[in-house]
Each structure stands twice: as C-alpha cells, then as structure tokens.
Amino acid sequence: MLDQSTNRPELPPEIARRRTFAIISHPDAGKTTLTEKFLLYGGAIQMAGQVRAKGESRRTRSDYMKMELERGISVSASAMSFDFGNYRFNLVDTPGHSDFSEDTYRTLTAVDAAVMVIDGAKGIESQTQKLFEVCRLRDLPILTFCNKMDRESRDTFEIIDEIQENLAIDVTPASWPIGVGRDFIGCYDLLRDRLELMDRADRNKVAESISINGLDDPKLAEHIPADLLEKLREDVEMVRELMPPMDAKALLEGTLTPIWFGSAINSFGVKELMDGIANYGPEPQPQPATPRPMMPEETKVAGFVFKVQANMDAKHRDRVAFVRLASGHFKRGMKLTHVRSKKVMSISNPVLFLAADRELAEEAWAGDIIGIPNHGQLRIGDTLTEGEALRVTGIPSFAPELLQTVRAGDPMKAKHLEKALMQFAEEGAAKVFKPMIGSGFIVGVVGALQFEVLASRIEQEYNLPVRFEASQFTSARWVAGPKEAVDKFVNENKGHMATDNDGDSVYLTRLQWDIDRVVRDYPDVKLTATKEMM
Ligand code: G4P
C-alpha cells in the first residue's frame with residue numbers, strides 16, 4: 001500500500017517507527033546539552049551530566065587526546081539508540097571539529113535527517129553553514145533548534161531571515177518564543193496550539209504544557225503578561241501571513257526546515273523537537289546503491305559500512321564496523337554476503353550502541369546502526385546483503401589537503417609502522433600513500449589536528465613513537481582512465497607516483513601547474529580529487 005503523503009510503500013511498523021538522525025552545529029551552540037536531554041527523555045540516562053563525552057567540537061587538543069585514550073566513551077557516543085514514546089531514535093554523532101569533515105560527510109550518509117542547532121544570539125555560524133552544505137549535497141531533511149532562548153537572543157524574524165538567506169532554505173516556525181532574554185517565558189506551539197511554559201527553577205523538568213483554543217483563548221492572559229501577549233498575537237499573525245506552513249513533503253525534500261525555539265539546558269523545547277522528529281521524521285529512506293537503490297520496505301537484509309573504528313579495546317585489537325541497515329529484519333547469527341569479497345560472513349556478535357554502553361544486538365531493523373566486530377575485512381563503503389550484488393554509492397573518499405611523511409622513531413620498526421598506518425587508512429582516519437620510488441610513507445589528512453591524533457594513537461596503540469615531517473608534495477590526485485593510458489602515465493612519472501592502501505594509483509605533486517600539464521599532455525588520463533569507496 002502507498003503512503004498518501006510520501007507516495008512510497010507503507011513500511012512495516014517496526015521500520016516505520018525508526019528515526020535515524022544526526023545533530024549538526026557550530027561548537028558551543030549546545031549539541032552536547034541537547035544530546036543529553038534527548039537521552040534523558042529517551043530514558044537512556046537517569047540524570048543530566050551523564051554524557052561524559054563533551055561536544056567533540058569544543059574540546060581542546062589535549063581534551064581530544066585524552067578522549068582518544070578513553071576510546072570507550074567516544075565510541076559509545078558514535079551512535080546511540082533509545083526509545084521515545086512509540087519511536088526508536090538512532091542518534092548518530094558527527095565529529096564537530098572542522099578537521100574531521102570527511103568523517104562527518106560519511107556519517108551523514110547513514111542518517112535520514114539532521115537536527116541543526118543554532119545559538120539564538122549568534123544565528124548561523126561558519127561551521128553550521130559548512131555542515132548544512134554537506135546535508136544539502138544529499139538533500140537531507142533538516143529540523144532546526146534555536147537554542148539558548150533563556151539568554152538575550154536576536155529578534156526571531158531576523159534569525160529566520162538569516163537562515164533563509166544564508167542557507168537558501170524555506171523556514172516554517174513550529175513554535176514561537178514569548179519574551180526575550182530574562183523575560184523569555186516560553187513558546188507558543190504553532191503546530192498544536194499549545195502554550196509551553198519554561199520552568200527556570202528546575203532545569204530538568206519538562207515544560208508545563210497548556211492546551212489553548214487559538215490565540216483568542218482568554219486562558220492565554222492568565223499565563224502571559226499583557227504586553228507580551230499583544231506582541232505574540234501580532235507576531236503569529238505575521239508568521240501565518242508571510243511564512244510557509246509546515247509541509248512534510250517539502251521537509252523530506254530538504255527545501256523547508258521547521259524551527260523550534262528553546263533552551264536545551266533548561267530542558268525547554270526539547271520534547272517538542274523530539275515530537276517533531278517523531279511526527280515528521282522521516283522514517284528510514286531508500287539508500288543510493290548500484291545497480292539499484294536499497295529500499296527500506298524490502299524484506300531482505302542489506303546494509304553498508306559508513307565508519308570503522310579500530311582498537312576500541314587496545315587489548316583485543318578489534319575493529320568495529322558501523323553498519324547502517326538499509327532494509328530488512330536482521331537477526332543475530334545471520335549469514336550475510338560481503339559484496340566486495342563475495343565472501344559470506346556469519347554475524348554472530350553484532351552490537352547495539354546505547355547511551356553509555358554497548359550490548360549484543362539480538363535483532364535490528366532497517367534504519368538501525370549496528371556495530372560488527374571484525375579483523376579488518378569490513379571497510380568503509382562496503383555493502384552486506386543476503387546475496388544480491390548491491391553496492392552502496394555516494395560514500396566518497398576525499399583527496400587529502402595536507403601531506404606529510406612519517407617515520408618510525410626506531411628504524412627497525414618500519415613493518416610495525418606499515419601495519420599501523422594501513423589500519424588507520426582502513427578506518428578512514430587518514431590516507432596512506434606508498435611512493436613508487438624510495439622508502440617510507442606519505443600520510444594525507446584533511447585537517448592538521450589529525451596528524452597529532454594519529455601520532456598519539458600510533459604511540460598509544462602500537463607502542464611506536466613516530467615523527468611526521470614536511471613532505472615534498474602537497475597535493476594528491478587519484479588516477480583514472482583506460483589501463484594502457486594509465487600505465488604509460490605511471491611509467492613516465494614514477495617520481496610522482498604512489499599507491500594508496502587499496503593499491504590504486506595516486507599522483508603526488510606540489511604544483512597546480514603539474515596537474516594542468518597532465519590534463520594537457522595525457523588527455524586520456526583523469527586526475528580526480530575524490531574516489532568512491534567501493
Ligand atoms: P556543544 O556541544 O555544541 O559544543 O555545546 P554544549 O552543549 O557543550 O554547550 C555549550 C555551552 O552552552 C555550555 O556552557 C552549556 O552549558 C551552554 N548551554 C547549552 N544550552 C544552553 C541553554 O539553553 N542556555 C544557556 N544559557 N546555555 C546553554 P559552558 O559554560 O561552556 O559549559 P558548562 O560548564 O556549562 O558545561
């Protein structure tokens with residue numbers, strides 16, 4: 001049967017109730033606080049303050065290193081499942097630091113929606129804009145939460161205008177703030193005609209919610225001072241005249257974002273936002289794949305790896321592949337085909353990630369994120385199915401923007417270093433290139449902080465002090481084209497050639513001029529800055 005609003009087949013209830021999303025924000029806007037309140041209402045934690053991992057985005061470097069040592073914490077925060085009413089929420093953490101944008105991009109391939117948190121006093125900030133653009137590449141539905149309304153904030157119309165203009169997306173207010181800063185008393189719920197009053201005395205209390213019969217209801221005057229009530233009526237009149245109404249289809253297509261106003265720290269507006277996620281979702285969506293997309297209504301299980309985390313437990317050297325299930329009902333012990341190698345894997349120890357823990361996943365449905373411990377067979381971009389040769393698409397690998405050579409402090413440990421580097425490359429934490437001429441490795445990353453994190457991890461996890469040094473190259477491009485042309489090109493440019501950890505040819509250079517020359521001299525060879533992870 002087709003769902004009227006989306007024109008897509010109705011999903012089995014267990015799948016239709018799943019909401020898989022990420023939170024995107026500029027550092028300090030309140031992502032960690034909001035996550036914590038989500039978990040609180042989801043019953044996943046008992047009191048605020050239990051999410052030990054602070055917003056990754058605002059950690060200092062030393063915080064980050066420390067956190068890297070406490071791997072368990074950062075990992076349990078990578079994906080979190082909890083129930084909210086009849087819904088199952090899967091919240092996938094996006095690394096907030098701009099140095100980790102590639103990881104963020106891939107994480108966003110695993111979700112069906114994003115919650116964009118902005119600070120009411122600051123509006124759209126640089127990182128919000130960047131992350132939004134990543135969402136836009138995939139037309140991901142966005143729900144917006146304007147936080148910190150308990151403090152002095154910008155004019156509401158101005159905030160909405162800024163979102164519309166900077167992000168080129170329509171905005172529909174789902175709630176409307178009453179009063180500003182110290183006079184902020186709560187919101188009018190425009191979707192459900194309710195008055196939500198904030199309790200400043202108890203930060204963890206869910207707001208008092210009063211049903212209202214439209215804006216002329218005399219009950220409003222009992223709760224709102226006359227001047228604020230007059231302004232509310234005027235504002236809402238304007239909103240209803242000028243702004244688009246809520247439209248589930250436009251939200252799904254990524255052209256309209258509903259905005260809720262609130263204060264995460266005061267638990268205010270959070271429940272309304274969660275209701276919004278539950279009601280407007282969306283439910284698990286089709287995932288692009290070749291030769292055909294993976295559809296959530298299919299009964300056969302299919303899923304793909306969007307993240308690999310190595311050495312979660314330094315003693316066991318295990319790796320966990322984070323798999324987004326795209327279809328079907330997965331059961332523990334199932335045998336799935338690893339499409340890249342065509343081998344069948346028995347998935348006997350899958351894990352589900354809860355707020356502070358992980359537990360064995362006896363079952364999971366399309367939309368869920370499961371962790372599969374493995375010894376390196378599973379890589380980012382891999383697809384698992386019940387046999388069909390489907391391959392997920394749209395999980396790119398970006399050319400690194402910074403290159404450095406790396407050497408082991410002890411030259412006798414070069415083999416160990418190679419092993420460590422390959423592991424991090426497979427995890428997606430860095431690109432590792434082996435030059436055709438000479439020894440050693442060149443490591444490429446997107447942001448400089450990653451070199452330090454890598455050095456620290458290699459030392460901690462492999463007991464191997466390393467040195468990163470400037471490389472003679474600054475850019476890397478993958479080489480594509482007919483085999484003959486590529487072979488000729490590789491032969492004639494050995495000093496610039498390397499292979500990546502998949503064995504693919506990479507051209508290294510420090511000059512844009514060189515790249516232009518290749519384009520001119522080798523018309524059949526293509527140099528690309530991204531590679532599909534397949
Ligand atoms: P992030 O993960 O997006 O980086 O932000 P985080 O939640 O850590 O919040 C950043 C700061 O903003 C924190 O203050 C937090 O307490 C505060 N905050 C979050 N929500 C609200 C809100 O609704 N109203 C107000 N007034 N503040 C809010 P901090 O002083 O930097 O840290 P902490 O000492 O409070 O932990």
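Helices (H or I, at least four residues) and strands (E, at least two) are taken here as DSSP runs, numbered from the N terminus. Residues are numbered from 1 along each chain as its sequence is written. The model is predicted, so local features need pLDDT of at least 70 and side-chain atom pairs count only at pLDDT 80 or more, while totals for chains, interfaces and linings use all residues.

Most residues other than glycine have a negative phi, and most peptide bonds are trans. One joins G281 to P282, with omega near 5°, and P282 sits in the loop that runs between α11 (270–280) and β12 (289–290). Another cis bond leads from T290 to P291, again with omega near 5°. Here P291 belongs to the loop between β12 and β13 (302–310).

Positive phi values also deserve a look. D139, which is not a glycine, has a positive phi of about 50°; its place is the loop between α6 (126–137) and β5 (142–147). S267, likewise a residue other than glycine, shows a positive phi near 55° and is located in the loop between β11 (256–261) and α11.

Are these two residues buried or exposed? Burial is counted with C-beta atoms placed from the backbone: a residue is buried if 20 or more other C-beta atoms lie within 10 Å of its own, exposed if 12 or fewer, and partly exposed in between. D139 is exposed because 11 other C-beta atoms lie within 10 Å, whereas S267 is buried because 23 other C-beta atoms lie within 10 Å.
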